[in-house]
Amino acid sequence: MAANLENPDELDERERTALETLLKRLADDEFVLAERYTEWQVRAPSLESDLALANNAQDELGHARLWYDVLGDVGLEERDLVYERDPGDFRHSTLVELPFEEGDWADAVLRSYLYDVAEDLRLEALVDSAHPKIADRVGKIRSEEEYHLEHAQNWLERLADDGEGRERLQDALDRLFPYAFTLFEPVDPDVEDDIVDLGLRDATLEELGEEWLSIVVPYLESLDLELPVDGRTGGDTDEFEFEVTGDMLPEERGRDGTHTDAWFDLYDEFTHTYRELGRTETTRIMDKPE
């Protein structure tokens, strides 16, 4: 662990790169997922679900800003991280950028479940982060993410309770599961090693992926869904080995800078007002006047 991680002015190049890589992974995932969630407002199957997903979107946007704010310590501003950043430089998982299948609520809740389980695990791995600002933010974010996961599980069980709903869930699972693996893809393998070695996160991506499989596979199977990939080490145990081969992953993975065409369309949408108004700074409703 580096002793000077608390002081951004004392970070060496290795430490700064590890910090930036970790925080951009976290923030980009949350920001892009929030943008996608907003598409379900006034379209969810009930008013309660509409409000719940709108609340989730607000939470995810808030979490993204918490992580982007930490990057402010190393001289990176929100406008440069979001609105004036080249879309090809974002490092979110392609799971969060995919457009929802039109009118398919099963897509929304299954995607939420796959993502929220992974999010809970990676937040747990940040509880004792060597960077105090990261550790300080984890508690608040986890408490909100617990609600997201509960909401997703409740809806999964409701949909899986009848044949038509289960069929829609199976279709969504077949489509989304390969993209969920990209949540655990490295941006750069050497930098990912540094993130753990420096104590910024206390688990490797492989360890997080194995734990994620040990949770999502048995749970989804309990709903009579068939997993397109089974990572069990053998027999009927729920122990998993996270060895993802190229044919299990989509062509566009996000972490390596490759994205679907849908991402560039989404980027144009959420930066449209910023560009049209000729802004050079981001604005927050609760900003205090100088």
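The largest cavity in this predicted model holds about 110 Å³ of space. With the cut-off set at 30 Å³ or more, the count comes to one cavity.

From helix 1, helix 5, helix 9 and elsewhere, the residues lining the largest cavity are Leu22, Arg25, Leu26, Ala118, Glu119, Arg122, Leu183, Phe184, Arg201, Leu205 and Leu208. Helix 1 (13-37), helix 5 (105-124) and helix 9 (205-222) are the elements that each contribute two or more residues to this lining. Sorted by class, the lining comprises seven nonpolar and four charged residues, with no polar ones.

Which side chain of opposite charge is nearest to aspartate 59? That side chain is lysine 140, at 6.8 Å. Aspartate 59 is buried, yet has no salt bridge. Once neighbours within four places in sequence are set aside, aspartate 59 is in contact with Glu144 and His148.

Is aspartate 174 buried, partly exposed or exposed? Aspartate 174 counts as partly exposed because its relative accessibility is 41%, and the partly exposed class lies between under 20% for buried and over 50% for exposed. Again leaving aside neighbours within four places in sequence, aspartate 174 is in contact with Glu226 and Pro228. For the pair formed with proline 228, the separation in sequence is 54 residues, while the C-alpha to C-alpha distance is 6.1 Å.

Terms used:
Residues numbered from 1 in each chain as written. Predicted model: local features only at pLDDT ≥ 70, side-chain atom pairs only at ≥ 80, totals over all residues. Heavy atoms only, no water. 1 Å grid on protein atoms, 1.4 Å probe; cavity = no way out; pocket = protein on both sides within 12 Å on 5 of 7 lines; lining within 4 Å. Points joined across faces, edges and corners; volume = space filled by probe spheres on them. Helix = DSSP H or I, 4+ residues; strand = E, 2+ residues; numbered from the N terminus. Nonpolar A, V, L, I, M, F, W, Y, C, P; charged D, E, K, R; others polar. Buried < 20%, exposed > 50% of the residue type's maximum accessible area, 1.4 Å probe, protein only. Lys, Arg positive; Asp, Glu negative; His and termini not counted. Salt bridge = Lys/Arg side-chain N within 4 Å of Asp/Glu carboxyl O. Contact = heavy atoms within 4.5 Å.
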